[in-house]
Amino acid sequence: MHPFLQQAELRDHASEHDYELVAYSPLARGGVFDDDVLSAIADDHGVSEAQVSLAWLRESGVTAIPKATGEAHIRDNLASLDLELSDDEVARIDAIEHTERRVDPGFGPDSWA
Ligand SMILES: NC(=O)c1ccc[n+]([C@@H]2O[C@H](COP(=O)([O-])OP(=O)(O)OC[C@H]3O[C@@H](n4cnc5c(N)ncnc54)[C@H](OP(=O)(O)O)[C@@H]3O)[C@@H](O)[C@H]2O)c1
């Protein structure tokens, strides 16, 4: 799950049945750095698109496990805990129409985009 694979049906199911949803590939494997909406919100806050994506996941009630291989990215991702998005910003990310499943194993669901 990430801003280009928003999993609305799965989020509703998790909420209804009270279980924790975990977002793998929460940065779309690096794809979040190339989106106008995420970049505009990041610029407004003076933060990275990674932080915006992770804050959006958090505010959507989802736990994220980003992968980062160096201290700078790890610190950047951790700093997303201090980023608060406005309702309008969350709505702008919710409205991103671009859909992209980056991880698609044969055993995975094919209808929960
Ligand atoms: N079990 C499964 O089926 C499954 C499937 C997918 C993913 N996962 C797990 O989920 C986690 C997510 O990893 P992922 O690689 O799929 O995708 P991801 O977390 O969406 O993206 C990782 C990419 O974003 C870059 N990045 C991370 N933080 C950044 C920052 N603050 N600024 C700029 N670039 C940043 C990383 O670069 P650097 O490496 O250079 O930091 C890497 O290229 C991993 O722990 C993975 O093992 C599990």
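Contacts come first: among those in the protein with a separation of 6 or more, residues 24 or more positions apart account for 71%. Two residues are in contact here if their C-beta atoms, placed from the backbone, lie within 7 Å. The structure is a predicted model, in which local features need pLDDT of at least 70, side-chain atom pairs count only at pLDDT 80 or more, and totals for chains, interfaces and linings use all residues. Residues are numbered from 1 along each chain as its sequence is written.

Let's walk along the chain. The protein has 5 helices and 2 strands, and from the N terminus on the elements run α-β-α-α-β-α-α. The radius of gyration is 14 Å, close to the 13 Å that the globule rule gives for 113 residues, so the protein is as compact as a globular protein of that length. That radius is taken over C-alpha atoms, and the globule rule is 2.2 Å times the number of residues to the power 0.38. Helices (H or I, at least four residues) and strands (E, at least two) are DSSP runs, numbered from the N terminus. Along the principal axes, the C-alpha atoms fill a box of roughly 35 × 30 × 25 Å.

Now for burial. Of the 113 residues, 27% count as buried. A residue is buried if 20 or more other C-beta atoms lie within 10 Å of its own, exposed if 12 or fewer, and partly exposed in between, with C-beta atoms placed from the backbone.

Helix α1 (residues 8–17) is hardly covered, with a count of 0 buried residues among its 10. Helix α3 (residues 49–59), on the other hand, is mostly covered, with 9 of its 11 residues buried. Among these buried residues are Val52, Trp56 and Leu57. Their cover includes β1 (22–23), α2 (36–45), β2 (63–64), α4 and α5 (87–94).

Not counting residues up to four places away in sequence, Leu57 touches Ala23, Pro26, Val62 and Ala64.

Next, the ligand. It is surrounded by 19 residues, and the closest are Ser25, Leu27, Ala50, Lys67 and Asp76. Helix α4 (residues 71–79) gives the most to the shell, with 3 residues.

Finally, look at the backbone. Ser25 sits in the loop between β1 and α2, and its phi is near 50°, a positive value in a residue other than glycine. Ser25 counts as partly exposed because it has 18 C-beta neighbours inside 10 Å. Gln7, in the segment before α1, has a positive phi near 55°.

Note on methods: A residue is near a molecule or strand if its C-beta atom, placed from the backbone, lies within 6 Å of it.
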